[in-house]
Amino acid sequence: MDPKNSRFSTQISHLALDIGGTLIKLVYFSPNGDNCEGGSIVVGNGCSVVQGRLCFAKFETRKIDDCLDFIRFNILQHSGVQHTNGTARDKLSVKATGGGAFKFADLFKEKLGIVFDKEDEMHSLVCGVNFLLKTVPREAFTYLDGQKEFVQIDHNDLYPYLLVNIGSGVSMIKVDGDGKYERISGTSLGGGTFLGLGKLLTNCKSFDELLELSHQGNNRVIDMLVGDIYGGTDYSKIGLSSTAIASSFGKAISDGKELEDYQPEDVARSLLRMISNNIGQIAYLNALRFGLKRIFFGGFFIRGLEYTMDTISVAVHFWSRGEAKAMFLRHEGFLGALGAFTSYKDQSHSTELKPHHHTVERAVLKCSDDDSFRHTPVTANVNDGEAIECSINLV
Amino acid sequence: MAGREDDEHDPPILDDKTEAEAKSSERDMAPQGPGTSIHRSGSRPQLDLSKAEIQGNFEERDPTILLPNQSDDISHLALDIGGSLIKLLYFSRHEDYSNDDDKRKKTIKERLGLTNGKLRSYPVLGGRLHFVKFETHKINECLDFIHSKQLHRRDPYPWSSKTLPLGTGVIKVTGGGAYKFADLFKERLGVSIEKEDEMHCLVSGANFLLKAIRHEAYTHMEGEKEFVQIEPNDLYPYLLVNVGSGVSIIKVDGEGKFERVSGTNVGGGTYWGLGRLLTKCKSFDELLELSQKGDNSTIDMLVGDIYGGMDYSKIGLSASTIASSFGKAISENKELEDYRPEDISLSLLRMISYNIGQISYLNALRFGLKRIFFGGFFIRGHAYTMDTISFAVHFWSKGDMQAMFLRHEGFLGAMGAFMSYEKHGLDDLMSHQLVERFPMGAPYTGGNIHGPPLGDLNEKISWMEKFVRRGTEITAPVPMTPSKTTGLGGFDVPSSRGSALRSDASALNVGVLHLVPTLEVFPLLADPKMYEPNTIDLSDQGEREYWLKVLSEHLPDLVDTAVASEGGTEDAKRRGDAFARAFSAHLARLMEEPAAYGKLGLANLLELREECLREFQFVDAYRSIKQRENEASLAVLPDLLEELDSMTEEARLLTLIEGVLAANIFDWGSRACVDLYHKGTIIEIYRMSRNKMQRPWRVDDFDAFKERMLGSGGKQPHRHKRALLFVDNSGADVILGMLPLAREFLRRGTEVVLVANSLPALNDVTAMELPDIVAGAAKHCDILRRAAEMGGLLVDAMVNPGDGSKNDLTSAPLMVVENGCGSPCIDLRQVSSELAAAAKDADLVVLEGMGRALHTNFNAQFKCEALKLAMVKNQRLAEKLINGNIYDSVCRYEPPSLS
């Protein structure tokens, strides 16, 4: 094995990107020890096993330069890929997925010398979820009434399931097995709608700020509730309680109030409930249609945020009359990037490489002790708290 | 057909000099003055119920039943009081007593087996359902309207025997305002409100309308409306999606069987609420109007925005698919003020419409339902909203399901509230018993124009003069939705949108439903379900434009004739002018929105014109012309009969058919023929025309018909038992053409029933005029005289009913029945019960004239033999239908259809 070539191969497989409309998600492998070769154990079949951690980072897409810098200084340089003179190799291939893999291909090539090996977005997503659900224990959990509960999923009984990825928009994917999946539905009312409308209505600058606001709001001020229509009594005949939302933003019709007259908190809350409820409903209806027992929700809208998880869980619970449960994944924000990362195989640039360039054989999810789901700021952060201890096989 | 003589709200004031009333000797009318009150109307229905079937046919004959200021005689009233609109529905019925001693009718009834012993009872009385709307914040207009028509002072159970004491009236009301305004109703009108469950009303209203109205449901894709005919037996189950502030999704399994299976909180209230906060629009309509000029790609994140302009075709999404509604507002440093309100409105509209379509589809799928009906104020007549929802349903179902909309959608709740009265009698109403009319000039039937209730014709004309302008500026006084308001549906940005879009009101523009329980499906139709009366489909734009133009060009002549028929008085001129405006407005509206009045065929168009004339009280525009031509034709009839009698049987049959075709040239409905009139006398034209009848005709089945009549190879064919002769025009057409043919059948021992219009239309002969004509002809002909006596047509003749002729086995009666129609064409799905009864023993149907044999029924198949005779007096029709030329003849003979 040509050490140089081997080394080169090792380097590029450290990184995968998922460039969405709003966020860029990064997954990269950080070997234990300072030396990039450190911790590698050559096993009998000629493969070397490298111990390390899978690390996660995300950036706002509009701040793509931050992302470029991060890759340049924290990954490429760190792992010694980059030449000392700062120019990039022209054959540096990195797995990338998401719409931005097309849109920003030229930028990455120009700035970092990285050529994207584009992976299908949905394929990556599904691979990422399958990987997590099979490899990482305590990955899936339910969230109801502020209580999260990990769900042990039998690997043999994983399929089929419904995967709802809430990014800017929402994709609903029926997964029947490894590489067997179909996008069966979706909706344009997604995270982008929450943030977009929220920004217009409240002058919030960020998703997190908007979410924070929604925590303090009361949607009854602006939503028309069943009780508002039926004079405080339940309309139990049709199974609706008086506090059920009859019409989101429906009170804004008749109040004669202007936007300024409403608390941004209330607006944010109403918006969040509208979108969560809608996603939960459409997801439930699709699960019903295909007889799927499990619905996993992921995407940046969820991101382990109590309030969004709660509203979605409530919606699924409500529409299914308690029969279906919404489930969430600890790494939901990085599903696409993880999927892209796990797809390093069939490399063609080196004939010496066998397929299965690397595989993660076991993984230990390093959770913080308190198991809290603190969300992290969007800007260039590394989610160390949820890094996955793992080892990868190198051919 | 119930009376079509007045405006849908207001009984016209008629002076007692009208010709029609002069003719009223045939029946004894019992007009009710304004003073006759509640107690009578409360008790009267019992009486009427027993008589309805006897008189029903004739109740529309005479527009002079009513006296000035008399309110509609018997009414139901039901309301749906919503947040922005009040929908009101009331039923009115006019009293009519016809004379049972009428000897002609009695004889015919006996002949047709309609003797008093065999009276059938109809489940509902004839009358009209009026649909009216008001803005909720102008509730006083609504109360005034009810008060002015005294709608509240009626027994709400007019078909029950109960007579309620004054002041204890109850009105059925649904909608959120039912409670809110209860006190107001009590105070102003002295009536109590009985609140009906909204969803129940919605469903029962939808069920009724879908079953009773033939062209109620339609699809709306890419700006095109298409009516869907739904078999009443195949209606259930369906999904009803009501998009109000929120959305209710209801699965309907049958009468009174429904369940709210789902819904969404993202509905019309969300659109309006969010829209108001984001755009400062003051009204829903304004917000909607804004969306028409919007471009949602400035604010929505499209698939193309994410994938750099490429389609993500692998998962079936195009670049213009919305990936995230409002998603672009995320990443740009723009404030609310930096976005155009138009774009925001469109983005909102698409987000919500699309979402509703999707959730509805998923629910339909869940229950295996193929049909989804959408309604509610969010949908109401908004072409773009309908397109978006239709696109969503089509997209997600991959074409398996259709989003459908209802023409009376705005009135579902009110209709349901109306149905919640006990014994409303509408349950068993069939679509053939309903006729929808579109009277002009009613400020309440939609439109943004308001005013006081129209008290009489004079006020209506004044209103017309004020609101309906002449010439090219003519618009229907009801708002219209532009026909092509959208380009692409669903996700994609519409390529073109109409300049104006109005909400709500346009979809509330429905006609008056005339309930005519005596109408029946013509029993001899081979397959009533497959039957389509119109030969020319006006959904074809070229055809539509041509015929609308033809009618438009005819208009001045028609107005002149109509005004002259009323003596050319100032009043007649004023009414003529109003008629011209009204009819032009109808034409203008149909030009823009062909489906405005339901499925449009040529027959509907011609009928609309007659209706419009009647609306402005031109009872019979061609009366004097018809009279003159009848006299002239009767004068030459003896010569013609003598000529015919001198011929051999074979020659005579040919001459008779030639004669029918030749005489059919006398038609005031044809421009070409009107020109001819100025060039010669009737008999000259008739003879000239007959001499030109060179066989073979363009469609020539004469030999087959002759063989049927005369046999071949020495075999004597059996004679027809009874022939129904559908006659066309007055004058030469009926007298020199059809009467001699009838006489031929009679002399062969075949019973003959002359079938004529119930109401005047152009110069068509009416059933009321025929007895006089036959009597005139009978003076010169024993065959006709004997047959007419037997048929009860010669009531005034000094004939001894017991004379020898009655025992003559070979002699057959000549009868006259009305067809239930007031149009030059005939829709055989809706004919009088008299005609239906007469048809039972008939084995031959002869349809004569363009209207009845070509424009309609050219392709109709019958269970019995049929002979269709007409001269084509329109070049375009000749080319289209028979690949021929103007004045070509059609003689189509068809044996019974084996269906």
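Is B:F326 buried or exposed? Buried here means under 20% relative accessible area, exposed means over 50%, and partly exposed is in between, with a 1.4 Å probe and protein chains only. B:F326 is buried, with a relative accessible area of 0%.

Before I go on, some ground rules. This is a predicted model, where local features need pLDDT of at least 70, side-chain atom pairs count only at pLDDT 80 or more, and totals for chains, interfaces and linings use all residues. Residues are numbered from 1 along each chain as its sequence is written, chains are lettered from A and ligands numbered from 1 in the order in which they are written, and side-chain values use heavy atoms, with hydrogens and water left out.

Back to B:F326. This residue is not a glycine, yet its phi is positive, at about 65 degrees. Look for B:F326 in the loop of chain B between β12 (322-324) and α11 (328-331). Helices (H or I, at least four residues) and strands (E, at least two) are DSSP runs, numbered from the N terminus.

Next, B:E222. Here too phi is positive, about 50 degrees, and the residue is not a glycine. B:E222 sits in the chain B loop between β6 (217-221) and β7 (224-228). B:E222 is partly exposed, with a relative accessible area of 42%.

Now the cis peptide bonds. In chain A, one joins A:Y159 and A:P160, with omega about -10 degrees. A:P160 is in the loop between β8 (147-150) and β9 (161-166). In chain B, the bond from B:R695 to B:P696 is cis, and omega is near 0 degrees. B:P696 lies in the loop between α22 (682-691) and β17 (699-700).
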